[in-house]
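Dear colleague,

Please find below the structure that I am handing over to you, followed by an account of what was found in it.

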Amino acid sequence: MRILFGIGNPGIKYNETWHNVGFIILDRLAHQLNLKFKPSKHDYYFAEGTLENIDFVLIKPTTYVNNSGFAAADVISKYQSDMSDFLVICDDLNIPKGEIKLKQNGGDGGHNGLASIIYNINTNKFPRFRFGIGNNFDKGEMADYVLSKISLKDFELINKNLNLSIVLLTDFILGGMKNMLNSFSKNNNKLKND
């Protein structure tokens, strides 16, 4: 079972904010695959599916970003998946707006949601899909920035890579991290040459 775990905050007021890029991407993927999120008995919404005989689940925690690890621990316990099949999708301030970085494992990079997951599942050996949100804010205004709505202009800027995200996540479902990295390499070259 492949698990695609988006980081974000629950509730309408956080819709389309920078910190919810993980949810935005999973919502687009669910829409494309004709899946609906349902509440679970635990602290997350889920949408289960099968693609070319491979089972997967999309997860949106309801714990708020800083406590994402509680939901992650529940999900991993329920589905008993290998850590290489547990992909976390999150925003990243250290990457320019709209850029995508893939990592096989590593630290939290200053992201409280990733820190919570690493702490609660007691390992940093899981893949990450990091979507850049830039850091165009003054000192002391990080919280306001990540919780601000994404403007129409910024949506236009990042839309191509939001669409690429769906392709890459589908490739992860079908063939894991290696497949997604290969696809990213091919698509990245194509984007540069367009």
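Helix H1 is the main contributor to the lining of the second largest pocket, giving four residues. Here helices (H or I, at least four residues) and strands (E, at least two) are DSSP runs, numbered from the N terminus. The model is a predicted one, in which local features need pLDDT of at least 70 and side-chain atom pairs count only at pLDDT 80 or more, while totals for chains, interfaces and linings use all residues. Residues are numbered from 1 along each chain as its sequence is written, and side-chain values use heavy atoms, with hydrogens and water left out.

By class, the lining of the second largest pocket has eight nonpolar, five polar and four charged residues. (Ala, Val, Leu, Ile, Met, Phe, Trp, Tyr, Cys and Pro count as nonpolar, Asp, Glu, Lys and Arg as charged, and the others, Gly among them, as polar.)

The largest pocket has about 400 Å³ of space and is lined by 24 residues, with His19, Leu93, Gly110, His111 and Asn112 nearest its centre. Strand S5 (86-92), helix H3 (112-121), strand S7 (128-132) and helix H4 (142-146) each supply at least two residues of that lining. Its classes are nine nonpolar, nine polar and six charged residues.

A pocket is an open set of points on a 1 Å grid over the protein atoms alone, where a 1.4 Å probe fits, with protein on both sides within 12 Å along at least five of seven lines; lining residues have an atom within 4 Å of a point. Grid points are joined across faces, edges and corners, and a volume is the space filled by probe spheres set on the points.

Buried means under 20% relative accessible area, exposed over 50%, and partly exposed in between (1.4 Å probe, protein chains only).

Leaving aside neighbours within four places in sequence, Met180 is in contact (heavy atoms within 4.5 Å) with Leu87, Leu102, Phe129, Leu168, Leu169, Asp171 and Phe172.

In H3, the buried residues are Gly113, Leu114, Ser116, Ile117, Ile118 and Ile121. Their cover includes strand S1 (2-6), helix H2 (68-79), S5 and S7.

Gly98 is placed in the loop between S5 and S6 and counts as buried, at 5% relative accessibility. Leaving aside neighbours within four places in sequence, Gly98 is in contact with Phe131, Gly132, Ile158 and Asn161.

The chain as a whole

The chain has five helices and seven strands. Buried residues make up 49% of its 194 residues.

Yours sincerely
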